[in-house]
Amino acid sequence: MQSTLEQVCRNWRRVRSADAPEAYARRILVNLANDRWRKLRGHEEVPLDDGIGDGHVDPYKGLVVRDALMRELQSLPIGMRTVLVLRYFEDLDDAEIGHLMNISAGSVRSQIARGLSKLRSTVDAQPVHSRSGGVA
């Protein structure tokens, strides 16, 4: 977010004269996030399981699951990832996402469906330990 604000300030004349300054800033945010994910690609994967099979609740498991989800999100193609981020992190509708990315609302829905399907299949393929300690 800070980098986005920095770039908006650097390009303030262009931002101010744009038809939609908020959309301009959001596009900078999306581009910076995509650049960051490109740099992070290739790091080792984190397992979804916390390794505790005795019924103990690990307070950090949510962080591990979120980290694993973010890593899986990074493995998606950049367009698909961008659509998912704009939908579920920025809470934009199909038309707004389509306008930002210069694609149709139908393409947005298609990218969302395929992206969620890929994420679900990857997460479902991960072994999850049951409370008895075995693999479910």
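Student: Which residues have the most contacts inside the largest nonpolar core?

Tutor: Happy to start there, keeping in mind that this is a predicted model. In soluble globular proteins, nonpolar side chains tend to be buried together. Here the largest nonpolar core holds 18 residues. Those with the most contacts inside this core are Leu 73, Leu 76, Val 83, Leu 84, Leu 86, Ile 97 and Ile 112.

Student: Which element gives the most to this core?

Tutor: Two or more residues of this core come from each of α3, α4, α5, α6 and α7. With 5 residues, the element that gives the most is α5.

Student: What share of the residues of the protein chain count as buried?

Tutor: A residue counts as buried under 20% relative accessible area. The protein chain has 136 residues, and the share of them that passes this test is 27%.

Student: And which residues of α5 are buried?

Tutor: Good one to follow up, since 8 of the 11 residues of α5 are buried, so this helix is largely enclosed by the rest of the structure. The buried residues in α5 are Met 80, Arg 81, Thr 82, Val 83, Leu 84, Val 85, Leu 86 and Arg 87.

Student: Is Thr 82 buried or exposed, and what is its relative accessible area?

Tutor: Thr 82 has its place in helix α5. Not counting residues up to four places away in sequence, Thr 82 touches Val 30, Asn 34 and Met 101. The label for Thr 82 is buried, because its relative accessible area is 4%.

Student: Which backbone oxygen does the side chain of Thr 82 reach?

Tutor: An α-helix has 3.6 residues a turn, so residues three or four places apart point the same way. In this model the side chain of Thr 82 makes its reach at 2.7 Å, and the backbone oxygen belongs to Ile 78.

Student: With which side chain does the side chain of Asn 34 make a polar contact?

Tutor: Asn 34 sits in helix α3, and it is buried, with a relative accessible area of 6%. Leaving aside neighbours within four places in sequence, Asn 34 is in contact with Ile 78, Arg 81 and Thr 82. The polar contact, at 3.2 Å, is with the side chain of Thr 82.

Student: Leaving aside neighbours within four places in sequence, which residues is Met 101 in contact with?

Tutor: Met 101 belongs to helix α6. Its C-alpha atom is separated by 8.5 Å from that of Gly 79, 22 residues apart along the chain. With those neighbours left aside, the contacts of Met 101 are Arg 27, Gly 79, Thr 82, Val 83 and Leu 86.

Student: Which element gives the most to the lining of the largest pocket?

Tutor: The largest pocket has a volume of about 550 Å³. At least two lining residues come from each of α1, α3, α4 and α5. With 9 residues, the element that gives the most to the lining is α3.

Student: Which lining residues lie nearest the centre of the largest pocket?

Tutor: The lining divides into 11 nonpolar, 6 polar and 6 charged residues. There are 23 lining residues, and those nearest the centre are Ala 33, Arg 36, Trp 37, Met 70 and Val 85.

Student: Now to the loops. What is the phi of Asn 102?

Tutor: Asn 102 lies in the loop between α6 and α7. Asn 102 is exposed, with a relative accessible area of 70%. Although Asn 102 is not a glycine, its phi is positive, at about 60°.

Student: In which loop does Asp 91 lie?

Tutor: Asp 91 is a residue other than glycine with a positive phi, near 60°. Its relative accessible area is 64%, so Asp 91 counts as exposed. Its place is the loop between α5 and α6.

Student: Why does Ser 104 count as partly exposed?

Tutor: Ser 104 lies in the loop between α6 and α7. Partly exposed covers what is in between buried, under 20%, and exposed, over 50%. Ser 104 takes that label because its relative accessibility is 42%.

How values were computed: Residues are numbered from 1 along each chain as its sequence is written. This is a predicted model: local features need pLDDT of at least 70, side-chain atom pairs count only at pLDDT 80 or more; totals for chains, interfaces and linings use all residues. Side-chain values use heavy atoms; hydrogens and water are left out. On a 1 Å grid over the protein atoms alone, a cavity is a set of points where a 1.4 Å probe fits but cannot get out, and a pocket is an open set with protein on both sides within 12 Å along at least five of seven lines; lining residues have an atom within 4 Å of a point. Grid points are joined across faces, edges and corners, and a volume is the space filled by probe spheres set on the points. Helices (H or I, at least four residues) and strands (E, at least two) are DSSP runs, numbered from the N terminus. Ala, Val, Leu, Ile, Met, Phe, Trp, Tyr, Cys and Pro count as nonpolar, Asp, Glu, Lys and Arg as charged, and the others, Gly among them, as polar. Buried means under 20% relative accessible area, exposed over 50%, partly exposed in between (1.4 Å probe, protein chains only). A polar contact is a pair of N or O atoms within 3.5 Å; within protein, one must be able to donate a hydrogen and the other to accept it, and residues adjacent in sequence count only if both atoms are side-chain atoms. Contact means heavy atoms within 4.5 Å. A nonpolar core is a set of buried Ala, Val, Leu, Ile, Met, Phe, Trp, Tyr and Cys residues joined through side-chain atoms within 4.5 Å.
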